[in-house]
Amino acid sequence: MKAYMGYDAQVGPEEGASLVFARTAKEAKKVFWATCSGDLVEEFTDARVKLIRDSPWLLREADPAKVAAGEAHALLAPKSCDNCGQWGHAAIGDLGLCPDCLEARRADEKDGLRSGRLN
Ligand SMILES: [Zn+2]
């Protein structure tokens, strides 16, 4: 199974995307439509899926039983960053943040300590 991002071409993936597990793009699109039409996508002709390469952390979100059965499936709300709301570009850490936001927060905290704001 591979990880795909399913979204509506009219609004783009930033406005809401589904994490789809499937063997092919064609299968991913079918499952995305079956699972997310009315929620994330309005017209079948606007349904798009994009393969997310090198993303082992996404595959860990797949339903193990469905993977074992070779059943393609989609997650309407994949685990996403608490700060920027994005997913798919990097693993979300234990703090619920993507590496970019985690780094930004650490930098903020360092600045805060330096200026005494956090005391
Ligand atoms: Zn983030």
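Colleague: What makes β1 and β3 paired strands, and in which sense do they run?

Modeller: Two strands pair if DSSP finds at least two bridges between them. Five bridges join β1 to β3, so the pair meets that definition, and the two strands run antiparallel. One of the bridges links aspartate 8 with alanine 47 in β3. This is a predicted model, in which local features need pLDDT of at least 70 and side-chain atom pairs count only at pLDDT 80 or more, while totals for chains, interfaces and linings use all residues. Residues are numbered from 1 along each chain as its sequence is written.

Colleague: How many bridges does β1 form with β2?

Modeller: Strand β1 (residues 2-8) and strand β2 (residues 18-22) share five bridges, also in the antiparallel sense. In general, the strands of a sheet pair through backbone hydrogen bonds, either parallel or antiparallel.

Colleague: Which strands are called edge strands in this sheet, and why?

Modeller: The sheet is open, with four antiparallel strands in the order β3-β1-β2-β4. Strands β3 (47-51) and β4 (73-75) each pair on one side only, and they are the edge strands. From one strand to the next, the twist averages 30°; axes are lines fitted to C-alpha atoms, for helices over the stretch in contact, and angles run from 0 to 180 degrees between N-to-C directions.

Colleague: What is counted as a helix or a strand, and how many does the protein have?

Modeller: Both are DSSP runs, numbered from the N terminus: helices are H or I with at least four residues, and strands are E with at least two. The protein has four of each, in the sequence pattern β-β-α-β-α-α-β-α. Helix α1 (residues 25-36) lies across β1, β2, β3 and β4 and runs at about 135° to β2.

Colleague: Why is β1 described as largely enclosed?

Modeller: A residue is buried if 20 or more other C-beta atoms, placed from the backbone, lie within 10 Å of its own, exposed if 12 or fewer, and partly exposed in between. Six of the seven residues of β1 are buried, so the rest of the structure largely encloses this strand. Across the protein, buried residues make up 24% of the 119 residues.

Colleague: Is aspartate 54 buried or exposed, and how do you know?

Modeller: Aspartate 54 has 7 C-beta neighbours inside 10 Å and therefore counts as exposed. This residue sits in the loop between β3 and α2 (56-59), and its phi is near 50°, a positive value. Most residues other than glycine have a negative phi.

Colleague: What makes up the largest nonpolar core?

Modeller: A nonpolar core is a set of buried Ala, Val, Leu, Ile, Met, Phe, Trp, Tyr and Cys residues joined through C-beta atoms within 7 Å. The largest one has 20 residues, and Tyr4, Val20, Ala22, Ala28, Val31 and Phe32 have the most contacts inside it. Elements β1, β2, α1 and β3 each give two or more residues to this core. Apart from it lies another core, of five residues, including Trp87 and Cys98.

Methods. Two residues are in contact if their C-beta atoms, placed from the backbone, lie within 7 Å.
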